[in-house]
Amino acid sequence: MANRERNKRSVRKARAAQRAQREAVQASAAPVAEVKAAKVAKASSAKQEKALERKSNPGFFGRIKNYFSGVRTEMHRVVWPTKPELANWSLAVICMVVFFGLMTFLVDTGIVAGLVRFTGLRG
């Protein structure tokens, strides 16, 4: 488990370094990007308004598409257990189910025995 955590940390550091590098490149290219952005904004303002209107009010299939894209994004974030971890946790769950099943059986049997003694009725 320690190696896994170390690997996660190193991946995070690498991503942070890449992000810093991208921001530095974007900062140096900002004046050129601003000029291009102004030209694009003037040319396609009507198209952008329509696109924003569609995005703000997606239809039935658009909502379904958004839902599944969100599910896909979340599934990439999941940290799946390794095979040994899965086996250990499965064994723990099975043992707890058996233990609590036996405890429930014993308590139920005790209550029934107490009621039979108290009332004198056989069920």
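A residue is called buried under 20% relative accessible area, exposed over 50%, and partly exposed in between, using a 1.4 Å probe and protein chains only. Keep that scale handy for what follows.

This is a predicted model, where local features need pLDDT of at least 70 and side-chain atom pairs count only at pLDDT 80 or more, while totals for chains, interfaces and linings use all residues. Residues are numbered from 1 along each chain as its sequence is written, and side-chain values use heavy atoms, with hydrogens and water left out.

Let's start with the overall build. The protein chain has five helices and zero strands; helices here are DSSP runs (H or I) of at least four residues and strands (E) of at least two, numbered from the N terminus.

The chain averages 83, and 80% of the residues score at least 70. Helix α2 (residues 30-43) has the lowest confidence, at a mean of 61, whereas helix α5 (residues 83-119) has the highest, at 96. Where pLDDT is low, the predicted coordinates should not be read in detail.

UniProt, in an unreviewed entry, lists residues 86-107 as "transmembrane region"; its positions are given in the numbering used here, feature names are shortened, and annotations may be inferred rather than shown by experiment. In the model that span is 100% helix and 0% strand, and its end C-alpha atoms lie 32 Å apart.

Now for the rings. Rings of Phe, Tyr and Trp (its six-membered ring) pair if their centres lie within 6.5 Å; planes under 30 degrees apart count as stacked, over 60 as edge-to-face and the rest as tilted.

| Pair | Centre to centre | Angle between planes | Type |
|---|---|---|---|
| Phe-60 and Phe-61 | 5.3 Å | 75° | edge-to-face |
| Phe-99 and Phe-100 | 5.2 Å | 75° | edge-to-face |

Phe-61 is exposed, at 67% relative accessible area. Phe-99 is partly exposed at 43%, and Phe-100 is partly exposed at 48%.

Met-75 sits in helix α4 (residues 60-77) and is partly exposed at 43% relative accessibility.

Methods:
pLDDT = per-residue confidence, 0-100.
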